[in-house]
Amino acid sequence: MLADKHFIVEEERDESLFYKAAIANYRNSNNRLDLTIAPTMDCNYSCPYCFEKKEETYMSSEVIDSIVKYIAAQKEATDLHVTWFGGEPLLAIDQIREFYCKVNAVWTKGYTSNIITNGFLITPKVLEILKEVEVKSIQITLDGLKENHNKMKYTTTCADTFSKTIENIDLILATTSEIHVTIRVNLDKNNANDFVSLYHFIADRYKGVQNIGIAPAFILDRSGEDPASCKNIFFSRK
């Protein structure tokens, strides 16, 4: 089994090159079309580590029509997968719905989608729309336990966004089993010690629930400059 899965390989085989070739073949395949779409660069948060430029702009109907036209032209593709990204894509839930209705009119083959969100704007109505547009997984970001999360993520009307996000995760898991929730925990050197406690908090709260997972995500210093420029809080690749 290990040999079949390439954990054990012949000594003369370059497994790194084999891996790169497998990725290249996947990317060059005409059978599956993967699109990452940002329907807005607007966001209800202003996280200090965010690499996006926050803008109150939203995807127009003309842009949606252009994307749908491109999709319809991919005659060899048999599966379409869309990742909704942002900004905060749930601010553009109407645009997501419009896209789905239009693509559904021209695309009769396989279709799935997922969304990357901060989770704050999830409501019963939003959740019904996400199921309608065939979102199969939701990635929700937390920034550690309540104290550290709320230092990073807050709005003008809500200081405890951690509790609000947990309530919204409760809502997802209580009302649907067909959407998988992945909790991404953004970690820097200030909140890295939160992860184990947060892991146990999630494991205990959702014990026995199958459609949820949690994973750490280390915030890296990508500036290429002296780490002091990042106040020594970001991780290096090393």
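Q: Why does E128 count as partly exposed?
A: E128 has 48% relative accessibility. Buried means under 20% relative accessible area, exposed over 50%, and partly exposed in between (1.4 Å probe, protein chains only). So E128, at 48%, counts as partly exposed. This is a predicted model: local features need pLDDT of at least 70, side-chain atom pairs count only at pLDDT 80 or more, and totals for chains, interfaces and linings use all residues. Residues are numbered from 1 along each chain as its sequence is written, and side-chain values use heavy atoms, leaving out hydrogens and water.

Q: What makes K131 and E128 a salt bridge?
A: Their side chains come to 3.2 Å, N to O. A salt bridge needs a side-chain nitrogen of Lys or Arg within 4 Å of a carboxyl oxygen of Asp or Glu. So the pair qualifies. K131 and E128 sit 3 residues apart in helix 4 (residues 124-132), about one helical turn. K131 is partly exposed too, at 24%.

Q: How do you know that D170 and R205 meet in a salt bridge?
A: The N to O distance is 2.7 Å, so it falls within the 4 Å limit. D170 is in helix 6 and R205 in helix 7, so the pair ties together parts 35 residues apart in sequence. At 24% relative accessibility, D170 counts as partly exposed. R205 does as well, at 41%.

Q: Why does D188 have no salt bridge?
A: The nearest side chain of opposite charge, K189, is 9.5 Å away.

Technical notes:
Lys, Arg positive; Asp, Glu negative; His and termini not counted. Helix = DSSP H or I, 4+ residues; strand = E, 2+ residues; numbered from the N terminus.
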